[in-house]
Amino acid sequence: MTTKTRRSSLSEVFLFRAFQRRRPHLAGHLSVLGRRVDEHLPTLIPPASERPERVNEAVGYALTSPGKRLRPVLTLAVAEMLGEPSPAVLDLACAVEMVHACSLVLDDLPSMDDAHLRRGRQTTHLRFGEDVALLAAMALLNRAYAVVAEAAQKLPLKRYTPEDLVHHLSAAIGTSGLIAGQALDLESREEDLDLERLEFIHSHKTGALFIAAGELGAMAVDARRRDLDGIGRYAKNLGLAFQISDDLLDVLATPEETGKDSHQDAHKVTFVKLLGVEGARQLAAELLDFAVESLAPLGRKAEPLRELARYVGSRGR
């Protein structure tokens, strides 16, 4: 999908315009990074005309649907901030988006959230059937691993190895990462949930991939270990704040604004249910403050990441 055919929800358009008014040149650059991802994603997957046609069509449908591309933009922004990124970094960023797209396909299934709307259109399983959606999700995940392995071989790495990058991504997805959060989310009952358990769920379900996105960008330019640690702290807090903003939007926004079902979390315990709207906003703001504090040693060159934090903070308002 090209930028000419990409659609945005009304809320995304509004937020981006506000984003531009505050930091026009910076916001424009982050937008450029997002467009680079959009344009490159279709080149990394098989065309729908190749066998298995239906699965390949579903892969393209799930991967190139209109989205914020926040995770791959984070990868690219970190790499630019900490070094001279090679063209292969764009492949790494797109691999992160493949994992995210896979997680959305699975999250929307009837056995999970049973969602009907994602990014302004039918969820993948409703469009193609559950069987094809599952195969497409697995295809996306496996392609992501392959893309990271191929890209890492092209990087001039000294501190890290290609195996480090592949392991980093797989750890973010597995039973110590995204899968752990999703599993605990599915098995939790309302009476079991408190703030600590909810934080564990979403620091894994959402935060783990944010951390991988930021750290892969740092590793791709052979960043120092202390910088890698700082990016990890930033991304963890950014990801958790992003989840809280999603909880707020689920309550406060309409499907037309968000591009997905509203009140999808009505049967779950969320940060908004535990803390109320203002309490959730306050927690998100505190997490974003922690995220920005992690960038202090990087000085002014970290301003793009501070701007990403401001954008996440604006989503729940």
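What follows is a chat about the helices, aromatic pairs and backbone of a predicted model.

Student: How many helices and strands are there in the protein?

Tutor: The predicted model has 15 helices and 2 strands.

Student: And what share of the residues is buried?

Tutor: Buried residues account for 56% of the 317 in the protein.

Student: What about contacts between residues at least 6 apart in sequence: what percentage join residues at least 24 apart?

Tutor: The figure is 75% of those contacts.

Student: OK, aromatics. How many aromatic pairs are there?

Tutor: The count is 2 aromatic pairs. In one of them, the ring centres of Y61 and F128 are 5.3 Å apart and the planes are at 75 degrees, so the pair is edge-to-face.

Student: Why edge-to-face?

Tutor: Because planes over 60 degrees apart count as edge-to-face, and the planes of Y61 and F128 are at 75 degrees.

Student: Where do Y61 and F128 lie?

Tutor: Y61 is in helix α3, residues 53-63, and F128 is in helix α6, residues 124-128. They are 67 residues apart in sequence, so the pair ties those parts together.

Student: Are they buried or exposed?

Tutor: Y61 counts as buried, at 10% relative accessibility. F128 is buried too, with a relative accessible area of 6%.

Student: And how do F210 and F242 pair up?

Tutor: F210 and F242 make a tilted aromatic pair, with 5.4 Å from centre to centre and 45 degrees between the planes. F210 belongs to helix α11 (residues 207-220) and F242 to helix α12 (residues 225-252), so this pair links distant parts of the chain, 32 residues apart.

Student: Buried or exposed, those two?

Tutor: F210 is buried at 0% relative accessibility, and F242 is buried at 4%.

Student: Back to Y61. What sits over its ring?

Tutor: The charged end of R121 does, 4.0 Å from the ring centre.

Student: Helix packing next. How do α4 and α11 cross?

Tutor: Their axes come within 7 Å and cross at roughly 30 degrees, with α4 spanning residues 70-82. That makes α4 roughly parallel to α11, and the crossing is right-handed.

Student: Which residues meet there?

Tutor: From α4 they are L70, R71, L74, T75, V78, A79 and L82. From α11 they are L209, F210, A213, G214, G217 and A218. F210 is thus in this contact and in the tilted pair with F242.

Student: Tell me about T75. Is it buried or exposed?

Tutor: T75, in helix α4, is buried, with 0% relative accessibility.

Student: What does T75 touch, leaving aside neighbours within four places?

Tutor: T75 is in contact with V89, A93, V96, A213 and G217. A213 and G217 are among the α11 residues that meet α4.

Student: What about α10 and α12, how do they pack?

Tutor: Helix α10, residues 195-205, packs against α12 at about 110 degrees, and the axes are 9 Å apart. The two helices are therefore roughly perpendicular to each other.

Student: Which residues make that contact?

Tutor: E199, H202 and S203 on α10, with K236, L240 and Q243 on α12.

Student: Switching to L90. Where is it found?

Tutor: L90 is in helix α5, residues 88-108, and counts as buried at 11% relative accessibility.

Student: What does L90 touch?

Tutor: Not counting residues up to four places away in sequence, L90 touches R36, V37, H40 and L76.

Student: Last topic, the backbone. Which peptide bond is cis?

Tutor: The bond from R51 to P52, with omega near -5 degrees. P52 is in the loop between α2 (24-40) and α3.

Student: What is the phi of R69?

Tutor: R69 has a positive phi of about 60 degrees, and R69 is not a glycine. Most residues other than glycine have a negative phi, and most peptide bonds are trans.

Student: Where is R69, and is it buried or exposed?

Tutor: R69 is in the loop between α3 and α4, and is buried with a relative accessible area of 2%.

Student: And D222, what is its phi?

Tutor: Phi of D222 is positive, near 60 degrees, and D222 is not a glycine either. D222 is in the loop between α11 and α12 and counts as buried at 12% relative accessibility.

Note on methods:
Residues are numbered from 1 along each chain as its sequence is written. This is a predicted model: local features need pLDDT of at least 70, side-chain atom pairs count only at pLDDT 80 or more; totals for chains, interfaces and linings use all residues. Side-chain values use heavy atoms; hydrogens and water are left out. Rings of Phe, Tyr and Trp (its six-membered ring) pair if their centres lie within 6.5 Å; planes under 30 degrees apart count as stacked, over 60 as edge-to-face and the rest as tilted. Helices (H or I, at least four residues) and strands (E, at least two) are DSSP runs, numbered from the N terminus. Buried means under 20% relative accessible area, exposed over 50%, partly exposed in between (1.4 Å probe, protein chains only). A charge sits over a ring if NZ of Lys or CZ of Arg is within 6 Å of the ring centre and within 35 degrees of the ring normal. Axes are lines fitted to C-alpha atoms, for helices over the stretch in contact, and angles run from 0 to 180 degrees between N-to-C directions. Angles under 35 degrees count as roughly parallel, over 145 as roughly antiparallel, 65 to 115 as roughly perpendicular and the rest as oblique. A crossing is left-handed if the near helix is turned anticlockwise from the far one by less than a right angle, and right-handed if clockwise. Contact means heavy atoms within 4.5 Å.
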